Amino acid sequence: MFRFHKALDVITLFHKPSLPASTRVLNILKQVSAHASEGATEDQASDHSHQNKIQRSEFELNVTEEPPTSDQLRTILEYVGARRAKDIIDGARDEGDAMRLLKEDSKRFKRPVIVDWNNGRAVIGDSESEILKMVGELPKGETV
């Protein structure tokens, strides 16, 4: 019988390297991703008690410097709530406004924004606790 492993969840970082907050988020995500990969490949017989403290699922990290597409922005606003449009698009009052402003000037898009597409969550900004919570709540890899 064949067993198929669950595909990795995809987490996208909308990144701007010149922003210290965005660089901080990228470093956090890289560390968490590396730590999750270590735990997944470590020999079961070895002592890995230090990893039991923070168990995280592996995920695929997608880093982009491009702004989101209109569909992606709509999805992100669904995840965080339309009332947060101003936190994502500079000057936006609501979802429609955010869509229009992004189309007019993509530089209005505020980074960093981290999106867990598979589980419908997003974090705006560089709150380490929110990022770790989002990643920590990823479903553990299962076989199907």
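Accessible area here comes from the Shrake-Rupley method with a 1.4 Å probe. With that in hand, I opened this predicted model and noted that the protein exposes about 8600 Å². Carbon and sulfur atoms supply 49% of that area.

**Entry: the layout.** I looked up the elements and found six helices and four strands. Reading from the N terminus, I wrote down the order β-α-α-β-α-α-α-β-β-α. Of the 144 residues, 34% count as buried. I also checked contacts with a separation of 6 or more, and 62% of them link residues 24 or more positions apart.

**Entry: strand S1.** Is S1, residues 9-14, mostly covered or mostly open? I found it mostly covered, with five of its six residues buried. Next I looked for its partners. S1 runs parallel to S2 (residues 59-64), and six bridges join the two; in this pairing I saw Thr12 opposite Asn62. S1 runs antiparallel to S3, with four bridges between them, and there Phe14 stands opposite Val113.

**Entry: the cores.** The largest nonpolar core has 18 residues, and I listed those that touch the most other members: Leu73, Ile76, Ile88, Ile89, Ala98 and Phe109. Helices H3 (70-80), H4 (85-88) and H5 (95-104) each give two or more residues to this core, as do strands S3 (113-116) and S4 (121-124). Leaving out residues up to four places away in sequence, Ala98 touches Leu73, Leu77, Ala85, Ile89 and Ala92. I noted a second, separate core too: it has 14 residues, among them Leu29, Val32, Phe59 and Ile114.

Key:
Residues numbered from 1 in each chain as written. Predicted model: local features only at pLDDT ≥ 70, side-chain atom pairs only at ≥ 80, totals over all residues. Heavy atoms only, no water. Core = buried A, V, L, I, M, F, W, Y, C linked by side-chain atoms within 4.5 Å. Buried < 20%, exposed > 50% of the residue type's maximum accessible area, 1.4 Å probe, protein only. Contact = heavy atoms within 4.5 Å. Pairing = 2+ DSSP bridges.
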